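Here are my comments on the model you sent. Please read them with the structure open.

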Amino acid sequence: MKPQPSKKCALLAAAVAFAVTWPAYAQQDTKKPSSYLPTVEEDFTTVMKRMKAAKPGIEKRQADLLQQRYDLSDRPAAGVTMSRGKPVQEGVRAKLKAGVSWDQLGSLSPDEIREKGLFPAGFLPLPHPNHPEGGMLFPKFQIDEINKQENRDLTRFDLDFDLPDQFLPEFPPPIYLTTRTDLGDVSQGKLVTIDNYYTLFNGLLNPKQLEGLRLLVTPFAQQQFNQTDDRRSERPSRGVVCFDCHANGHTNASTHLAGDARPQEFRHRIDTPSLRGVNIQRLFGSQRALKTVEDFTEFEQRAAYFDGDPVLATKKGVNILERGSQVHDMAEFQEMLDFPPAPKLGIDGKLDPRKASETEMRGQEIFFGKGTCATCHAPPYYTDNTMHNLKIERFFKAQMINGMMAVGDGPIKTFPLRGIKDSPPYLHDERLLTLDDTVEFFNLVLETKLSGQEKNDLVAFLRAL
């Protein structure tokens with residue numbers, strides 16, 4: 001009988017075999033995307049030097065993409081402004097393929113547009129200015145004002161904001177309160193910060209609301225702005241505040257990457273939504289479908305602040321908010337933020353015929369009729385408080401764009417349209433620069449086949465909301 005190897009010999013043979021094949025396994029594992037962001041800390045000076053050197057090339061790549069997609073000229077609409085007077089940009093800015101008109105495009109089926117590659121590049125998902133890196137990124141006017149008031153620097157050494165100022169909300173935006181509609185704008189034309197919130201709101205808010213506002217303007221550590229060596233600010237940072245993105249409870253169009261998807265190239269660029277009217281909303285987050293303002297407030301500092309990675313959150317100093325007092329106080333202030341006045345609307349949210357123009361009235365008829373807009377955007381606040389999947393992948397083939405994989409968006413929250421002219425750019429990732437772009441996009445995606453005049457009328461109605 002042939003002698004059998006001992007158990008000890010068998011284990012030794014297995015160990016040797018594993019040692020021989022281990023490099024192959026290790027190599028295979030390194031190629032597989034991880035759910036977690038890198039935690040290996042490099043020397044800060046080396047990283048900053050490398051990323052500063054790469055910055056011009058990265059920004060040129062994004063600038064070239066924007067120029068290819070859009071008409072970025074400054075063309076304000078005559079007589080149309082946001083609540084504090086900033087001009088509203090007009091016209092469809094997404095560029096078409098040569099030799100194709102919007103009417104011709106609208107006559108084609110989604111399959112025809114997809115196979116011929118005719119879907120406008122400006123209607124494709126928009127990547128973060130540096131999609132492989134991501135992170136919070138602020139417009140220069142926000143950075144300058146925070147530096148002036150607080151000596152807190154929101155500049156990133158590796159990247160600057162990409163979209164031109166004329167396509168962004170007015171700054172600083174006005175603040176309207178549901179509790180004191182008689183006062184109109186209570187911001188006094190100032191950006192509310194930790195330096196001035198008490199002076200502006202003491203005597204106007206109750207103590208709980210005032211404490212909630214204090215927390216909304218208090219800096220806490222964030223992925224790119226903190227004290228660790230893998231930050232993206234030159235000096236160790238006190239962090240960011242909720243109102244750095246949600247300026248005055250509205251928005252300044254600061255961008256970020258949604259933390260919900262992995263790997264990195266499938267994450268969505270996100271536009272900062274306005275907090276106006278959160279009291280009438282029942283879903284929060286473009287895709288996460290958080291059910292209360294309290295959930296949104298608590299989870300933002302645990303997740304969005306750190307790219308959805310709790311490992312790095314712990315390392316960099318996550319701020320754990322106490323639900324029963326801090327979160328509740330912050331939510332109570334947010335729920336007081338009101339939409340801007342819309343003097344042409346009646347109490348039902350529809351136009352008062354005595355105040356509206358013929359163009360606006362025709363636009364309203366299209367909104368509730370042929371345009372099918374009201375299917376999702378129901379008055380008086382023009383939301384149905386649910387989510388919808390537009391399935392825009394019907395119109396284009398999956399493709400890599402500046403480090404982002406452009407695929408379907410999936411279900412996205414129906415954001416309210418009240419005060420919409422104050423909140424450019426549009427869609428959840430800022431890909432639509434004007435309301436004209438937005439109407440053209442939905443006309444194509446919903447296949448409603450509106451005429452040129454009907455589109456113009458619809459834009460006029462949206463500006464009146």
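1. The second largest cavity is lined by Met82, Val88, Gln89, Gln166, Phe167, Lys421, Pro424, Tyr426, Leu433, Thr434 and Leu435. Its space comes to about 50 Å³. By class, the lining holds seven nonpolar, three polar and one charged residues. Keep in mind that this is a predicted model.

2. How many cavities of 30 Å³ or more does the whole structure hold? The search finds two. The largest cavity has a volume of about 90 Å³. Its lining counts 15 residues. Nearest the centre lie Pro125, Arg267, His268, Met404 and Met405.

3. Which element gives the most to the lining of the largest cavity? Strand E7, residues 404-406, does, with three residues. The lining of this cavity divides into seven nonpolar, three polar and five charged residues.

4. Helix H14 passes a length check. It runs over residues 452-463, twelve in number. At 1.5 Å a residue the helix should span 16 Å, and the end C-alpha atoms are 17 Å apart, so the two values agree.

5. The buried residues of H14 are Lys455, Asp457, Leu458, Val459, Ala460, Phe461, Leu462 and Arg463.

6. Now the aromatic rings. The count comes to 19 aromatic pairs. One of them joins Phe123 and Phe441, edge-to-face, at 5.2 Å centre to centre with 85 degrees between the planes. Phe123 sits in the loop between helix H4 (110-116) and helix H5 (140-150), and Phe441 in helix H13, so the pair ties together parts 318 residues apart in sequence. Are these two residues buried or exposed? Both Phe123 and Phe441 are buried.

7. Phe284 and Phe296 also form an aromatic pair, a tilted one. The centres are 6.3 Å apart, and the planes make 40 degrees. Phe284 lies in the loop between strand E4 (269-271) and helix H9 (293-302), while Phe296 lies in helix H9, twelve residues apart. Phe284 is buried, because its relative accessible area is 5%. Phe296 is buried too, at 11%.

8. Finally, one aromatic cluster is made of Trp102, Phe119, Phe123, Phe395, Phe396, Phe441 and Phe442. Phe123 and Phe441, the edge-to-face pair, both belong to this cluster.

Key:
Residues numbered from 1 in each chain as written. Predicted model: local features only at pLDDT ≥ 70, side-chain atom pairs only at ≥ 80, totals over all residues. Heavy atoms only, no water. 1 Å grid on protein atoms, 1.4 Å probe; cavity = no way out; pocket = protein on both sides within 12 Å on 5 of 7 lines; lining within 4 Å. Points joined across faces, edges and corners; volume = space filled by probe spheres on them. Helix = DSSP H or I, 4+ residues; strand = E, 2+ residues; numbered from the N terminus. Nonpolar A, V, L, I, M, F, W, Y, C, P; charged D, E, K, R; others polar. Expected span 1.5 Å × (residues − 1). Buried < 20%, exposed > 50% of the residue type's maximum accessible area, 1.4 Å probe, protein only. Phe/Tyr/Trp six-rings, centres within 6.5 Å; stacked < 30°, edge-to-face > 60°.
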